[in-house]
Amino acid sequence: MYRSPSKLSEAVRQRVVQTLNERLADGLDLHSQIKVAHWNIKGPQFASLHPLFETFALGLANHNDAIAERAVTLGGHVYGTVRHAAKTSRIPEYEQDTVHDLEHVRLLADRIESYLVGLRETRGIGEKEGDTDTVDLVTGIVSEFEKHAWFLRASLES
Ligand SMILES: [Fe+2]
């Protein structure tokens with residue numbers, strides 16, 4: 001571990017860095033999946049969903065950066081290549097041949113919900129370890145992605 005401005009112990013910082021690296025892998029994987037949906041989507045909902053998916057991807061790219069920078073602020077090292085993310089991500093692989101608009105909505109809703117499971121786990125570790133700043137960071141991402149999941153689920157209601 002590197003020197004950190006944080007007042008948390010090295011053992012705590014190590015645990016938080018570990019979970020942040022896991023969320024970075026999930027987030028990088030999910031980002032690539034959202035872009036695949038953004039590129040391949042076809043159907044009557046194209047005009048609204050194509051830009052919506054881009055909004056999700058842009059937000060997630062910023063969150064991935066913030067998660068990585070929180071980990072290095074805590075004195076950790078981050079692992080963020082595509083190959084590393086592919087090996088360690090907990091998000092299920094995307095069905096890349098998908099075309100139909102609402103099928104992409106369903107796939108992304110499922111994957112965003114998987115991402116949320118990991119985020120809540122990371123937030124729980126932050127709470128247990130007294131890392132309020134990590135909790136605060138992750139809570140912002142949870143709120144945003146719960147909203148995205150609601151939007152997608154609402155699009156699937158008949
Ligand atoms: Fe684009």
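Arg153 is partly exposed, at 28% relative accessibility; the term covers the range between buried, under 20% relative accessible area, and exposed, over 50%, with a 1.4 Å probe and protein chains only. Arg153 lies in helix H5 (residues 132-156) and Asp110 in helix H4, so this pair ties together parts that are 43 residues apart in sequence. Helices (H or I, at least four residues) and strands (E, at least two) are DSSP runs, numbered from the N terminus.

The model is predicted: local features need pLDDT of at least 70, side-chain atom pairs count only at pLDDT 80 or more, and totals for chains, interfaces and linings use all residues. Residues are numbered from 1 along each chain as its sequence is written, and side-chain values use heavy atoms, with hydrogens and water left out.

**Salt bridges**

- The whole structure contains 13 salt bridges, each defined as a side-chain nitrogen of Lys or Arg within 4 Å of a carboxyl oxygen of Asp or Glu.
- One of them joins Arg153 to Asp110, with the closest N and O atoms 2.8 Å apart.
- Asp110 also forms a salt bridge with Arg106, where the closest N and O atoms are 3.4 Å apart.
- Both Asp110 and Arg106 belong to helix H4 (residues 101-129), and they are four residues apart, about one turn of the helix.
- Asp110 is partly exposed, with a relative accessible area of 30%, and Arg106 is likewise partly exposed, at 32%.
- A further salt bridge links the side chains of Arg120 and Glu146, at 2.9 Å from N to O.
- Because Arg120 lies in helix H4 and Glu146 in helix H5, this pair ties together parts that are 26 residues apart in sequence.
- Arg120 is partly exposed at 36% relative accessibility, as is Glu146 with a relative accessible area of 38%.
- Salt bridges with shared partners also join Glu22, Arg23, Asp26, Arg90 and Glu121 into one network.

**Nonpolar core**

- The largest nonpolar core has 36 residues, and those with the most contacts inside it are Ile34, Phe53, Ile112, Tyr115, Phe145 and Leu152.
- Two or more residues of this core come from each of helix H1 (10-40), helix H2 (46-73), H4 and H5.
- Such a core is a set of buried Ala, Val, Leu, Ile, Met, Phe, Trp, Tyr and Cys residues joined through side-chain atoms within 4.5 Å.
- In soluble globular proteins, nonpolar side chains tend to be buried together.
- Ile112 is in contact (heavy atoms within 4.5 Å) with Leu30, Phe56, Phe145, His148, Ala149 and Leu152, leaving aside neighbours within four places in sequence.

**Phe56**

- Phe56 is part of helix H2 and is buried, with a relative accessible area of 1%.
- Not counting residues up to four places away in sequence, Phe56 touches Ile34, Ile112, Phe145, His148 and Leu152.
- From C-alpha to C-alpha, Phe56 and His38 are 9.8 Å apart in space, and they are 18 residues apart in sequence.
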